[in-house]
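Welcome to this guided tour! Open your viewer, get ready to select residues one stop at a time, and follow along.

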Amino acid sequence: MNAESTAERYQAPFVAHALAKWFGCGNVPVAPGTAGSIGAVPLHLALRLLPPGLHLAAIVATTAVGVWSANEIAKEMAVEDPQCVVIDEVVGTLLAMGMVRSRSIGTQVAALLLFRLFDTWKPGPIDASQRAKPEGVGIVLDDVLAGILAGAVARVIG
């Protein structure tokens, strides 16, 4: 009898699955991170209608929920950074696009594309940040940094 058959395996709550996988975007078989970023665009469009302070508060709340839900799925799957978890890309996209929310749509799209570039490339401390513990923090932190970098670059070029 193995240990798993004698002890119950951890099961993350349904809401953690829905949020971490951003309502199914993480289940896309090819490029789920890109699907998560695209899935964040409708939320960005809604949030930019809010005053800047409320917009930022919503991103902070999404980040906190993202850390929790990513950690729950990582714990359930016993994987440090499950590919199906894309709420981190949602947070990074919201940050990057939010930093240029009052600029042209072209600049906002540039922020999204720059985020995807920096999230994939992981320059400098972005790479090291993904090893932060607990796993949920590491999963989300590199995307927070990539989003901030992308937003800053988009502000300069846009």
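## Stop 1: I59

Select I59 and show what surrounds it: leaving out residues up to four places away in sequence, I59 touches L47, L94 and L95, where contact means heavy atoms within 4.5 Å. Before going further, please note that this is a predicted model, in which local features need pLDDT of at least 70 and side-chain atom pairs count only at pLDDT 80 or more, while totals for chains, interfaces and linings use all residues. Residues are numbered from 1 along each chain as its sequence is written, and side-chain values use heavy atoms, with hydrogens and water left out.

I59 is found in helix α4; helices here are DSSP runs (H or I, at least four residues), numbered from the N terminus. Is I59 buried or exposed? I59 is buried, because its relative accessible area is 5%, and buried means under 20%, exposed over 50% and partly exposed in between, with a 1.4 Å probe and protein chains only.

## Stop 2: the largest nonpolar core

A nonpolar core is a set of buried Ala, Val, Leu, Ile, Met, Phe, Trp, Tyr and Cys residues joined through side-chain atoms within 4.5 Å. Select W22, I73 and V85: of the 24 residues in the largest nonpolar core, these touch the most other members. Next, colour the elements that give two or more residues to this core, namely α2 (14-20), α3 (32-47), α4 (52-77), α5 (87-98) and α8 (135-157). Which helix gives the largest share of this core? That is α5, with five residues.

Zoom in on W22. Not counting residues up to four places away in sequence, W22 touches G36, G39, A40, L43, V86, I87 and V90. Apart from this core lies another one, of 12 residues, and A96, A111, F115 and I126 are among them.

## Stop 3: L43

With a relative accessible area of 26%, L43 is partly exposed. Select V28 too: the C-alpha atoms of L43 and V28 are separated by 19 Å, and the two residues are 15 apart along the chain.

## Stop 4: α3 and its partners

Show α3 together with α5. They pack at an angle of about 45°, with their axes 8 Å apart; axes are lines fitted to C-alpha atoms, for helices over the stretch in contact, and angles run from 0 to 180 degrees between N-to-C directions. That makes α3 oblique to α5, because angles under 35 degrees count as roughly parallel, over 145 as roughly antiparallel, 65 to 115 as roughly perpendicular and the rest as oblique. The residues that meet include G33, G36 and L47 in α3, and E89, T93 and M97 in α5.

The axes of α3 and α6 come within 11 Å and cross at roughly 150°. That makes α3 roughly antiparallel to α6. Pick out G33, T34, S37, V41 and H44 in α3, which meet Q108, L112, F115 and R116 in α6.

## Stop 5: T107

Stay with helix α6 (residues 105-121) and select T107, which has its place there. T107 is buried, with a relative accessible area of 9%. Leaving aside its neighbours within four places in sequence, T107 is in contact with V100, A154 and G158.

## Stop 6: α4 and α8

Show α4 and α8 on their own. Their axes come within 7 Å and cross at roughly 130°. The two helices are therefore oblique to each other. The contact is made by T63, G66, V67, A70, N71 and A74 of α4 and E135, G136, V137, I139, V140 and V144 of α8.

## Stop 7: the cysteines

How many disulfides does the structure hold? It holds zero disulfides, a disulfide being a pair of cysteine sulfur atoms within 2.5 Å. Select C25, which is in no disulfide: the nearest cysteine sulfur, that of C84, is 12 Å away. C25 is buried, with a relative accessible area of 17%. C84 also counts as buried, at 13% relative accessibility.
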